[in-house]
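Let's take a friendly look at how charged side chains pair up in a protein model. Have the sequence and the 3D view ready as you read.

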Amino acid sequence: ALLRKHIRLPQPEPEWPRLAVLTILALLAIAVLGIGLVTHWNRSLRRRVEQRTRALQAELAERARVEAALRRQTALEDLILRITTRFNSLSVPAEIEAAMPAALEEIALFEGAERAYLILASEDGRTFSESHEWCAPGMPSFLSQYQGQPATLFPWLIGRLIAGETVVVNALADLPPEAAAERAAFTIQKV
């Protein structure tokens, strides 16, 4: 007993501090790994959400475009119905003649145009005449200039009209290269 009092023998270190440190290090490693996995999963999820959001935005834009086209189509059909109903109620040629400018005006305003024409081709298709015209205020009339004109004056335009097509020209730049004669005449007339 005396020896134990004066001589100190090395005592084994307790195991628990070392185990605690190892446990803490292991838990830290697991936490770091977990944070890394969560971060990776979060980035992946964010990318998928962004892709889906872009797809939905594109789908909504297309749906809005289609709905606008349907609204425009419905409005055009309503316009055609109104004009047709109006003309069906007319029986005297003078009434029909008088109603034409108003109908052309409605069509031009619907299309956002400054002018609208009704052009008639001769039976043989060699000449054309502008039978009716509507012009926005301040726009010059060309009605008297286009009577009995040769179809070769506007070959592209007259070809389309003889084929039964409706021709809408919003700007001279919209005319195709084969409409060079039309572009030149319209430029001179400031159409």
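## Charged partners

Arg86 counts as partly exposed, at 28% relative accessibility; the term covers the range between buried (under 20% relative accessible area) and exposed (over 50%), using a 1.4 Å probe and protein chains only. Before going further, note that this is a predicted model, in which local features need pLDDT of at least 70 and side-chain atom pairs count only at pLDDT 80 or more, while totals for chains, interfaces and linings use all residues. Residues are numbered from 1 along each chain as its sequence is written, and side-chain values use heavy atoms, with hydrogens and water left out.

How many salt bridges does a search of the whole structure find? The search finds seven. A salt bridge here is a side-chain nitrogen of Lys or Arg within 4 Å of a carboxyl oxygen of Asp or Glu.

| Salt bridge | N to O distance |
|---|---|
| Arg86 and Glu106 | 2.5 Å |
| Arg82 and Glu106 | 3.8 Å |
| Arg160 and Glu165 | 3.8 Å |

Where do the partners sit? Glu106 is in helix 3 (residues 93–111) and Arg82 is in helix 2 (residues 15–88), so this pair links distant parts of the chain, 24 residues apart. Helices are DSSP runs of H or I with at least four residues, strands are runs of E with at least two, and both are numbered from the N terminus. Glu106 is partly exposed at 22% relative accessibility, and Arg82 is partly exposed too, with a relative accessible area of 46%. Arg86 lies in helix 2, so its pairing with Glu106 in helix 3 ties together parts that are 20 residues apart in sequence.

The remaining pair in the table has partly exposed members as well: Glu165 has 42% relative accessibility, and Arg160 has 26%.

## An arginine in a strand

Now turn to Arg115, which is found in strand 1 (residues 115–121). Is Arg115 buried or exposed? Arg115 is buried, with a relative accessible area of 11%. Its side chain makes a polar contact of 3.3 Å with the side chain of Tyr117. A polar contact is a pair of N or O atoms within 3.5 Å; within protein, one must be able to donate a hydrogen and the other to accept it, and residues adjacent in sequence count only if both atoms are side-chain atoms. The side chain of Arg115 also reaches the backbone oxygen of Pro140, at 3.0 Å.
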